[in-house]
Amino acid sequence: MRVGHREKGRSSVADDSPTPQTPRAFHLACILEVLRRDRRTTRPKIAELTGLSRTAVGALTDVFLRRGLANSAGQEEPSIGRPATILEFNPDAALALGADLVKNTWQIVAIDLDGQEVDSIEAGIADYAPDAAVQSLKRGVLDLVSRVGSGRVLPAIGVSTPGLVDVRSGIVRSARDYGWTDVPIRSMVEHHLGLETLVANRGKVGALAEMWHTRDNGKDLIFIFIGSEIAAGIAHNGKLYLGSNSNAGDLGHTTVLPDGPICHCGNRGCLEELVSAPAIEKLITARLRESGSGLVGHAAEGLVEPLTVESVFRAAEEGDPVARQVVDEVAGYLGIAIANLVNLFNPELVILGGPVGLSGPVLVEPLRREVNRRATPYALGVVTIASSELGAQAGSVGAAVLVLQQAARLLFTRG
């Protein structure tokens with residue numbers, strides 16, 4: 001990889017699949033998928049699975065051996081005929097970069113071709129101005145690339161941001177927490193880093209991260225990021241469902257309480273106004289004023305620690321009645337929304353992420369009870385609801401998966 005030069009021929013994030021430009025590149029992409037899936041195989045088996053001639057497979061697999069994408073791993077003795085060389089997939093041969101914007105920090109990660117983290121770094125931003133954020137990202141990427149070695153880094157980066165993101169144009173239409181409106185983040189990153197850039201909301205990339213983490217691209221799953229915003233990523237058959245203009249999964253602005261609090265979007269009773277991190281902090285403050293007691297009550301007086309989402313859930317785990325009441329209320333609202341998702345999309349997995357979603361059993365258990373009460377039994381029969389095993393890394397890993405989905409094109413169509 002050479003920072004400062006961007007390859008042409010990019011397909012959009014919405015394509016979700018490699019788009020090689022020549023028949024040869026397409027065949028190389030097919031072989032890459034066979035190797036990645038089967039791990040150890042032979043040229044005759046590749047020919048059988050792809051429909052290519054053995055002569056063609058022999059020439060094409062030599063490319064994998066030369067580039068280190070596969071290694072020779074002994075001989076397989078067939079029932080008849082000559083022994084066949086075993087080819088073993090080498091996921092460390094190439095790395096994908098991903099970056100997730102979290103508060104005033106970029107979390108940047110390099111993952112291998114299996115989606116496993118190789119190295120990561122954090123880069124703080126001086127302020128929320130887009131130019132400052134991109135300059136910080138550039139410094140962090142250069143530092144990380146110097147650590148992992150530029151030779152095996154794919155010439156692209158995935159970027160995850162909060163807010164409404166048009167993945168086709170790479171423009172952040174609005175990110176309220178940062179004061180961003182119509183920020184052309186993709187073109188800015190490409191200009192400063194010289195890397196092809198793929199951009200999506202952190203809820204959407206979270207779904208990609210979980211899809212690769214489960215190692216089952218056929219699973220229907222929904223990832224829900226719950227923090228200062230609420231955003232869902234919907235994955236079906238290994239692809240993201242984006243909607244007509246990238247707004248699919250805007251769960252935070254679905255109505256849960258018709259006469260509820262006014263949302264900044266102009267609606268009343270949006271889920272974001274009821275279960276986001278700021279909403280929970282506002283709710284616990286109100287409940288403490290009403291009760292004047294409880295473990296978190298001491299925090300409200302400055303005797304223990306400031307009121308945060310983390311402190312609320314910690315107090316609920318320790319048995320604080322006020323905190324427990326708030327968590328149950330939040331779980332109830334969230335359960336209504338997730339029950340609707342279960343009925344509409346019939347997923348196998350609903351995975352919770354973000355500061356609220358990662359709070360653990362204290363939230364998940366009452367949430368499951370509410371979903372069980374409201375969703376149809378047939379849809380409930382297949383769904384599992386859990387907090388993300390990837391934790392806070394889901395955003396950066398998912399952003400890097402945007403690049404992995406284009407790995408064949410990036411590997412085999414350069415030049």
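Q: Let me start with one residue. Is Q107 buried or exposed?
A: A residue is read by how much of its surface stays accessible, and the cut-off for buried is under 20% relative accessible area. In this predicted model, Q107 has a relative accessible area of 13%, so Q107 counts as buried.

Q: Where in the fold is Q107 found?
A: Q107 belongs to strand β5. Its neighbours come from several parts of the chain: leaving aside those within four places in sequence, Q107 is in contact with G98, A99, D100, V102, I121, E122, A392, Q393 and S396.

Q: How should I read the side chains along a strand like β5, and which way do they point?
A: Here is the general idea: in a regular strand, side chains alternate between the two faces of the sheet. In β5, T105, Q107, V109 and I111 point one way, while W106, I108 and A110 point the other way. Residues on both sides are buried. With 7 of its 7 residues buried, strand β5 (residues 105-111) is largely enclosed by the rest of the structure.

Q: How do I read the order of strands in a sheet, for example the one with β8, β9 and β10?
A: List the strands as they lie side by side, then look at the ends. Here 3 strands form an open sheet in the order β8-β9-β10, with antiparallel pairing. The edge positions belong to β8 (164-166) and β10 (180-183); each has a single partner strand, so one side of each is left without a neighbour in the sheet. From one strand to the next, the twist averages 15 degrees. Strand β9 (residues 171-175) meets β8 over 3 bridges in the antiparallel sense, and L164 stands opposite S174 in β9.

Q: What is the strand order in the open sheet of 5 strands?
A: The order is β14-β13-β12-β15-β16, and the pairing is mixed. Its edge strands are β14 (239-240) and β16 (384-387), which pair on one side only. Strand β13 (residues 230-236) runs antiparallel to β14, with 2 bridges between them; A235 has L240 as its bridge partner in β14.

Q: Which helix lies across that sheet?
A: Helix α11 (residues 321-345) lies across β12 (221-226), β13, β15 (349-353) and β16. Relative to β12, α11 runs at about 155 degrees.

Q: How do I read a pair of packed helices, and at what angle do α6 and α15 pack?
A: Compare the directions of the two axes, then see which residues meet. Helix α6 (residues 202-213) and helix α15 (residues 394-404) pack at an angle of about 80 degrees, with axes 7 Å apart. That makes α6 roughly perpendicular to α15. Among the residues that meet are V205, L208 and W212 in α6, and V397, V401 and L402 in α15. By class, this contact has 10 nonpolar, 3 polar and 1 charged residues.

Q: Which residues touch the most other members of the largest nonpolar core?
A: In soluble globular proteins, nonpolar side chains tend to be buried together. The largest nonpolar core here has 55 residues, and F64, I111, L154 and F412 touch the most other members. A second, separate core of 47 residues includes I234, V309, A323 and A375.

Q: Can we finish with a loop residue? Where is P261 found?
A: P261 sits in the loop between β14 and α7 (272-275). Its relative accessibility is 34%, so P261 counts as partly exposed. Leaving aside neighbours within four places in sequence, P261 is in contact with N267, R268, G269, E273 and L274.

Notes
Residues numbered from 1 in each chain as written. Predicted model: local features only at pLDDT ≥ 70, side-chain atom pairs only at ≥ 80, totals over all residues. Heavy atoms only, no water. Pairing = 2+ DSSP bridges. Helix = DSSP H or I, 4+ residues; strand = E, 2+ residues; numbered from the N terminus. Contact = heavy atoms within 4.5 Å. Axes fitted to C-alpha atoms, helices over the stretch in contact; angles between N-to-C directions. Parallel < 35°, antiparallel > 145°, perpendicular 65-115°, else oblique. Nonpolar A, V, L, I, M, F, W, Y, C, P; charged D, E, K, R; others polar. Buried < 20%, exposed > 50% of the residue type's maximum accessible area, 1.4 Å probe, protein only. Core = buried A, V, L, I, M, F, W, Y, C linked by side-chain atoms within 4.5 Å.
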